[in-house]
Structure formats: structure tokens, C-alpha cells
Amino acid sequence: SAFYGPIMEFETLQPSVPTLGELHYSNVTDNSVDLSCTLVDAGVETTSTMIYGFAYKKPDAANWTKKTDGVQKNEDGSFSLTLDGLSPETQYAICAYVTNTHGDGYSNEEWITTSKKLTPEVSMDDIREGWYEDSDVTATGVKVSGYINHVYSEDGVVSEVGFLYGTSNN
């Protein structure tokens with residue numbers, strides 16, 4: 001004989017593409033931007049085969065460039081990346097995405113503009129004759145000195161300091 005319990009009805013969830021939270025960005029420089037987003041719903045039960053990434057494109061580009069290398073995934077579902085290799089003074093559309101077996105889920109799209117490339121600017125006022133003694137002049141050179149009044153660079157670091165010289169012929 002067989003015994004049957006009460007009949008229960010239920011619906012299974014339809015697998016879907018991932019759902020993402022809001023895209024966040026910070027530290028926009030001349031060639032990079034820090035990006036982060038959170039996976040809200042994986043859309044499937046197995047998450048081990050999911051691909052996390054960020055995408056970007058210029059306004060006139062037809063296709064997105066996707067970047068997955070270097071993405072840091074966290075246990076809370078958030079993921080982040082410093083997107084680098086961007087061009088200075090350029091506008092980009094950016095977004096996050098996660099891919100599962102059913103397709104890509106995307107975050108909101110944001111627009112950024114990278115900053116102007118900052119190159120060191122050095123001013124050296126008052127480099128002139130008289131800053132060296134006659135005894136500093138030799139057959140092959142002269143000892144000169146000067147001072148840097150102002151250095152402007154993004155990181156405040158000067159990697160090399162020197163003097164340029166030429167002859168009266170060039």
C-alpha cells in the first residue's frame with residue numbers, strides 16, 4: 001500500500017541574468033578610475049562560473065571594452081577594479097557587469113571625463129652668469145648651481161634634476 005501526504009504546490013524560480021547594484025566611481029585621474037559595484041542577485045544557484053567585470057567606451061564607440069583582469073571580489077558580493085590605460089582629457093561611459101550561464105547583467109551607466117595629464121613644471125629663476133667662479137671653469141666644463149623655485153606634479157615627486165646647455169654654434 002502507499003501513503004501520500006498533502007499535495008503542496010510551488011513554483012521554481014526562472015533562472016535569469018544577474019542583478020547589480022549601483023556603480024560607484026572615485027579617484028578619476030588622467031589615465032585611471034577606481035570602480036566598484038555589488039552583485040544583488042546572481043540569477044542562478046551556482047555562482048562559481050560567473051564572470052565579474054567592468055566595461056567602458058568613448059561616446060562615439062559602438063562597442064564596449066570589457067575588463068575582467070584584476071577584478072577584486074569580496075565575500076559581501078561587492079567587486080572592484082582600478083581601470084587604467086585611459087586617455088587624458090577623454091570622456092568615457094563606464095558600467096559594471098556580471099555574466100552567468102544566462103547572460104550579462106549590467107549596472108547603471110555613468111559618464112566620466114579623465115583629467116588633463118599633469119607633467120612636472122619646474123621654474124628656475126635667475127640662472128645667469130655670475131653664479132659660478134672663474135675657478136669653476138675647466139677645459140671640459142663649468143660648475144654651475146641653481147635652485148628650484150616651484151615644482152608642480154601630480155604626485156609631488158621629481159625623478160631627475162639637471163641642467164641643459166648648448167654651444168654658441170647651436
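Visitor: Of the 170 residues of the protein chain, what percentage count as buried?
Guide: The model is a predicted one. A residue counts as buried when its relative accessible area is under 20%. Applied to the 170 residues of the protein chain, this criterion gives a buried share of 24%.

Visitor: How many helices and how many strands are in the protein chain?
Guide: Read along the sequence, the pattern of the protein chain is β-β-β-β-β-β-β-β-β-β-β-β. The count for the protein chain is accordingly zero helices and 12 strands.

Visitor: Among contacts between residues at least 6 apart in sequence, what percentage join residues at least 24 apart?
Guide: A contact here requires heavy atoms within 4.5 Å. Among the contacts in the protein chain between residues at least 6 apart in sequence, the share that joins residues at least 24 apart is 61%.

Visitor: What percentage of the accessible surface of the protein chain belongs to carbon and sulfur atoms?
Guide: The accessible surface of the protein chain amounts to about 12600 Å². The part of this surface that belongs to carbon and sulfur atoms is 48%.

Visitor: Which residues have the most contacts inside the largest nonpolar core?
Guide: The largest nonpolar core has 21 residues. At least two residues of this core come from each of strand S3 (32-41), strand S4 (51-57), strand S7 (78-84) and strand S8 (91-100). The residues with the most contacts inside the core are Phe54 and Phe79.

Visitor: What is the angle between the planes of the aromatic pair Phe54 and Phe79?
Guide: The structure holds four aromatic pairs. One of them joins Phe54 and Phe79, with a distance of 5.2 Å centre to centre. Phe54 lies in strand S4 and Phe79 in strand S7, 25 residues apart, and the pair thus links distant parts of the chain. The pair is classed as tilted, and the angle between its planes is 40°.

Visitor: Are Phe54 and Phe79 buried or exposed, and which residues form one aromatic cluster with them?
Guide: Both Phe54 and Phe79 are buried. The aromatic cluster to which they belong consists of Tyr52, Phe54 and Phe79.

Visitor: Why is the pair of Tyr97 and Tyr106 tilted?
Guide: Ring planes under 30 degrees apart count as stacked and those over 60 as edge-to-face, with the rest counted as tilted. The ring centres of Tyr97 and Tyr106 are 6.1 Å apart. Because the planes of Tyr97 and Tyr106 stand at 40°, the pair is tilted.

Visitor: Which residues does Tyr106 touch, not counting residues up to four places away in sequence?
Guide: Tyr106 is placed in strand S9. Its C-alpha atom is separated by 9.0 Å from that of Val17, 89 residues apart along the chain. Not counting residues up to four places away in sequence, Tyr106 touches Leu20, Lys66, Cys95, Ala96 and Tyr97.

Visitor: Which residue forms a salt bridge with Lys66?
Guide: A search of the whole structure finds one salt bridge. It links distant parts of the chain, with Lys66 in strand S5 (residues 65-67) and Asp104 in strand S9 (residues 103-106), 38 residues apart. The closest N and O atoms are 2.8 Å apart, and the partner of Lys66 is Asp104.

Visitor: What are the relative accessible areas of Lys66 and Asp104?
Guide: Lys66 is partly exposed, and Asp104 is partly exposed as well. The relative accessible area is 41% for Lys66 and 27% for Asp104.

Visitor: Over the ring of which residue does the charged end of Lys66 sit?
Guide: The charged end of Lys66 is 4.6 Å from the centre of the ring in question. That ring belongs to Tyr97.

Visitor: Where is Asn27 placed, and what is its phi?
Guide: Most residues other than glycine have a negative phi. Asn27 is in the loop between strand S2 (24-26) and S3, and at 51% relative accessibility it counts as exposed. Although Asn27 is not a glycine, its phi is positive, at about 50°.

Visitor: Where is Glu89 placed, and what is its phi?
Guide: Glu89 is in the loop between S7 and S8. Its relative accessibility of 55% means that Glu89 counts as exposed. Glu89 is a residue other than glycine with a positive phi, near 50°.

Notes
Residues are numbered from 1 along each chain as its sequence is written. This is a predicted model: local features need pLDDT of at least 70, side-chain atom pairs count only at pLDDT 80 or more; totals for chains, interfaces and linings use all residues. Side-chain values use heavy atoms; hydrogens and water are left out. A nonpolar core is a set of buried Ala, Val, Leu, Ile, Met, Phe, Trp, Tyr and Cys residues joined through side-chain atoms within 4.5 Å. Buried means under 20% relative accessible area, exposed over 50%, partly exposed in between (1.4 Å probe, protein chains only). Helices (H or I, at least four residues) and strands (E, at least two) are DSSP runs, numbered from the N terminus. Accessible areas come from the Shrake-Rupley method with a 1.4 Å probe; for residues, only the protein chains shown count as cover. A salt bridge is a side-chain nitrogen of Lys or Arg within 4 Å of a carboxyl oxygen of Asp or Glu. Rings of Phe, Tyr and Trp (its six-membered ring) pair if their centres lie within 6.5 Å; planes under 30 degrees apart count as stacked, over 60 as edge-to-face and the rest as tilted. A charge sits over a ring if NZ of Lys or CZ of Arg is within 6 Å of the ring centre and within 35 degrees of the ring normal.
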